[in-house]
Amino acid sequence: MPRWIPDERGDEDALLESLGIASTDALFTDVPKRARIGKLGIGAGLDEPQVVGEVDRLLERNRPLTKFSSFLGGRVVSRYSPAAVDSIVSRSEFYTAYTPYEAEASQGMLRTLFEFQSLWVEMTGLDVANASLYDGASAAGEALLFCRRLHEGSRFLVPASLPWEERSVLENYASGPGLHVEGIPYDDRTGQLDLEFVQSAVAKKDVFGVLADVPNGFGHVDEGVPELKSTLGEIPLVVAADPLSLSVLEAPGRYGADVVVGEGQGFGISPSFGGPLLGLFACRREHVRSAPGRIVGATVDTEGRRAFDLTLTTREQHIRRSRATSNICTNDSLMALAFVVYASVVGPRGLARLQTTLAEKARTLASGLGALEGLKAPRFDAPYLSDFTVELGRGTADEFLDRLLRRKVLGGHSLADPRPGATRPAERILVGVSESTTEKDIRKYVAAAQAAITAVGRSA
Amino acid sequence: MTFRQARWDEPAIWDLAPPRAADPPPQVSGIPEKMRRKEAVRWPELSELEVVRHYTRLSQMNFGIDTATYPLGSCTMKYNPKVSELLARRECATDVHPYQPESTVQGSLEILWRLERILARVTGLPEISLQPAAGAHGEYAAMLMVRAYFRDQGELAERTEVLLPDTAHGTNPASAAMAGFTTREIRSKDGCVDLEELRREVSKKTAAFMLTNPNTAGLFESEILEIAEAVHNAGALLYYDGANLNAILGITHPGRMGFDVAHLNLHKTFATPHGGGGPGAGVLAAGEKLGPYLPIPRVVKEGRRFRLDYDRPKSIGKIKTGYGNFGLDLRAFAFILSHGEEGLNHIARRSVLNSNYTAAHMGKFLPRPFGSLVKHEFVLSGTPLKAKGLRTLDLAKRLLDEGVHAPTIYFPSLVDEAVMVELPETESKRDLDAYIAAFERAISDTPENLRAAPRNLAVTRVDEVRAAREPLLCWKDLRGASAKAETP
């Protein structure tokens with residue numbers, strides 16, 4: 001019997017006796033016989049050392065990033081998190097709490113979320129942030145639906161360079177109300193959005209929103225993004241921004257973004273095979289009643305003391321039901337806590353220093369790879385921060401990465417859509433650096449890439 | 001019992017060390033001028049100790065399961081075992097990237113695969129996806145699957161409507177609406193679905209009927225097989241909201257009850273922590289009809305190897321980055337391994353035992369609108385409080401002063417002044433008796449004291465009306481408000 005179900009003092013007999021029943025069978029007479037099941041067939045329970053042994057045995061079949069020179073980048077990153085972050089996130093007053101429905105009992109989490117919202121507002125240059133969404137991709141999905149509440153139309157424009165996963169998520173969020181997601185072509189040399197395409201699409205009057213990502217799916221900073229809003233007029237602009245990049249890049253609110261979403265995982269949250277992540281969402285004040293998700297507000301208690309609660313709840317599913325701005329209930333509060341603790345421990349200057357350091361390392365990697373024949377690095381002639389795209393002259397990305405793996409180099413990830421039948425325009429790989437990347441790692445990558453190109457050349 | 005929550009006079013983080021006038025941050029070469037940040041992010045520069053002290057103090061002004069009984073109905077606030085926390089923090093669990101080659105993540109893939117196989121048995125539905133980030137996310141994905149299914153059947157133009165009982169969680173109609181369906185509520189009779197009404201309402205226009213069983217009144221829908229038959233006879237699909245699965249583990253399951261698709265909440269039934277509002281982990285379980293529509297990738301086993309399969313032509317695609325909240329999947333896996341077959345069944349039996357015991361005692365203080373036999377949770381009506389000029393809200397706030405959390409209130413909405421209580425299997429008889437005693441003290445207190453509650457927490461009653469009427473939603477708003485106050 002698992003020790004988490006308390007019976008040390010004969011609880012169950014006492015409870016049964018008090019109810020005047022002999023066994024718990026008497027409590028299930030309302031479940032019809034025909035609906036009953038037999039054994040589940042999942043085996044007997046294990047005691048704690050056995051569970052630890054079994055899970056550890058399985059986990060040891062993973063090889064964590066520290067076993068490699070890793071250049072995996074993209075929206076999910078491997079970034080060092082100061083030990084103080086996990087120490088706070090591990091406080092069970094936070095992690096064993098529910099959504100703060102009873103404000104007076106939950107001031108700690110409410111104040112934390114208010115600080116988190118404030119931080120995302122400061123970073124984005126917008127006015128209001130919500131208390132978190134699931135991840136960057138679903139936050140973009142919510143932003144799509146949000147735009148549709150602000151503006152008529154059926155087409156939502158996104159960069160054709162958007163990672164396929166995010167495009168797929170957006171297409172799902174669009175599908176319910178019968179909306180369409182459409183790719184904005186990019187310049188083959190720079191990867192920059194084709195602003196003329198946007199202009200002519202907007203002229204057809206059916207666009208209800210445009211999303212641009214900073215950095216974009218190729219890792220590059222598109223200097224055309226700040227010009228989008230002047231083309232769009234009343235049509236809302238969504239910027240999907242990497243939070244670390246905002247330590248050195250202009251706040252999107254300053255160049256006309258109406259919504260800024262983002263993936264917050266890099267701030268104090270481990271990659272954990274892709275989850276939990278953290279969805280960020282900010283918008284303009286005049287649109288707050290159309291915003292999705294929980295929002296914490298400041299108010300006072302009966303003694304005039306500063307206090308916080310979940311506010312503007314009439315937007316939400318538990319009140320508005322089918323007319324809610326979103327179905328979201330459980331969000332990512334604990335990850336929001338990690339985000340704000342991380343940013344506070346590292347500090348605004350520390351964040352900017354980290355971003356500049358990563359950019360320097362990425363530059364070193366690019367110049368090493370760029371010197372090789374048989375691949376183009378960076379593929380696009382545009383500025384970048386931590387990530388950039390490599391394009392192979394021959395062979396497939398999978399083959400190339402596999403050869404690198406044999407030398408214990410995780411050389412990035414293929415940008416191709418893995419679904420059978422998906423178009424594969426070119427063999428492109430997104431590579432990224434982290435603070436753990438050393439000069440030696442970079443030399444190792446360049447040497448392994450050289451060897452892989454040579455080997456592919458021989459087999460071709 | 002006297003209880004006092006910590007009441008730190010803790011400033012906001014920006015008031016600990018107000019940021020100076022913002023200089024431009026250091027620049028990355030190559031970034032064009034118009035993309036450069038002109039002013040550094042306005043946030044305080046603090047020592048690590050200052051940050052740790054700040055958030056430690058805030059944590060002390062927060063209830064969690066580890067500090068207090070937390071009987072929120074439909075939330076299943078059970079103990080979150082520490083061993084799960086320990087395992088989820090192993091380097092081989094945390095420091096693993098979702099885009100690593102499959103050969104380097106065989107452990108993660110096997111854990112996902114094994115958890116899926118277990119959940120297939122628990123739900124009686126063979127096809128599983130762990131991708132949704134939370135329960136509502138799972139509901140939404142399921143409704144997109146329903147949509148894709150009827151599109152393929154050529155019936156989508158006609159089947160535009162999702163039915164649900166008036167006891168449904170708010171997420172159900174919201175998820176169905178987001179997936180493009182109109183929703184309509186079926187009236188309940190004595191707290192359960194009115195089968196006759198359902199038979200009248202379900203039609204060729206119905207895409208799905210969404211139901212949780214036991215329902216939010218804490219009652220088992222005993223006519224579930226007839227409900228399933230009625231829904232299926234109309235060609236519609238039956239959806240299971242797994243929020244209340246705790247009560248039926250090993251007793252029955254969605255598959256046996258006739259459901260076509262289900263979502264589960266690992267953060268309820270399988271004890272992964274709620275994190276103060278998230279992260280959660282939703283699970284999708286589907287039968288034959290909807291299995292092919294589950295999100296990609298699916299985890300498959302080939303020989304002794306595991307891989308991610310993207311070759312599912314009917315799949316709805318992706319609903320989030322990655323494969324689900326792995327950190328939580330791992331915690332749930334450890335929880336299920338610990339319990340095993342008997343343990344899971346014991347969870348259902350004990351949670352229902354706790355619930356009936358507490359209902360019998362708390363029913364002496366407030367009326368119980370529905371029959372006497374309940375499942376994992378029960379509902380009381382706070383209507384009698386009105387005679388004293390009180391509301392359920394006052395009772396809830398007074399309970400907080402006892403050092404315990406309040407039940408869910410004002411839900412389900414078909415009960416006037418509803419009080420919805422769930423005391424999962426990990427609460428001992430001593431905890432239950434203490435809660436009953438606290439409830440009795442609270443309800444027997446004077447109306448003045450109830451209205452003045454809470455007094456023992458970090459703050460007294462919070463002015464929610466003011467919060468909504470004059471929204472102050474971030475630091476910038478507070479700066480604006482204080483600037484306004486200083487202007488004569």
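I began with a right-handed β-α-β unit in chain A, made by β3(A), helix α7 (residues 164–175) and β4(A); right-handed here says that, with the strands pointing away from the viewer, the path from the first strand over the helix to the second runs clockwise. Helices (H or I, at least four residues) and strands (E, at least two) are DSSP runs, numbered from the N terminus.

I noted that this is a predicted model, in which local features need pLDDT of at least 70 and side-chain atom pairs count only at pLDDT 80 or more, while totals for chains, interfaces and linings use all residues. Residues are numbered from 1 along each chain as its sequence is written, and chains are lettered from A in the order in which they are written.

I then looked up the strands of the unit: β3 (residues 155–159) and β4 (residues 180–184) of chain A run parallel and are joined by five bridges, where pairing asks for at least two bridges found by DSSP. Pro159(A) stands opposite Ile184(A) of β4(A).

Next I turned to the domains of chain A, whose bounds come from an automatic or database domain assignment: domain 1 is 66–78 + 347–459 and domain 2 is 83–341. Their C-alpha centres lie 28 Å apart. I found 24 residues of domain 1 in contact with 23 residues of domain 2, contact being C-beta atoms, placed from the backbone, within 7 Å. On the domain 1 side, α11(A) gives the largest share, six residues.

Last, I checked the chains against each other: 167 residues of chain B are in contact with 166 of chain A. Helix α11 (residues 326–362) of chain B gives the most to the chain B side, with 21 residues.

Note on methods:
Two residues are in contact if their C-beta atoms, placed from the backbone, lie within 7 Å.
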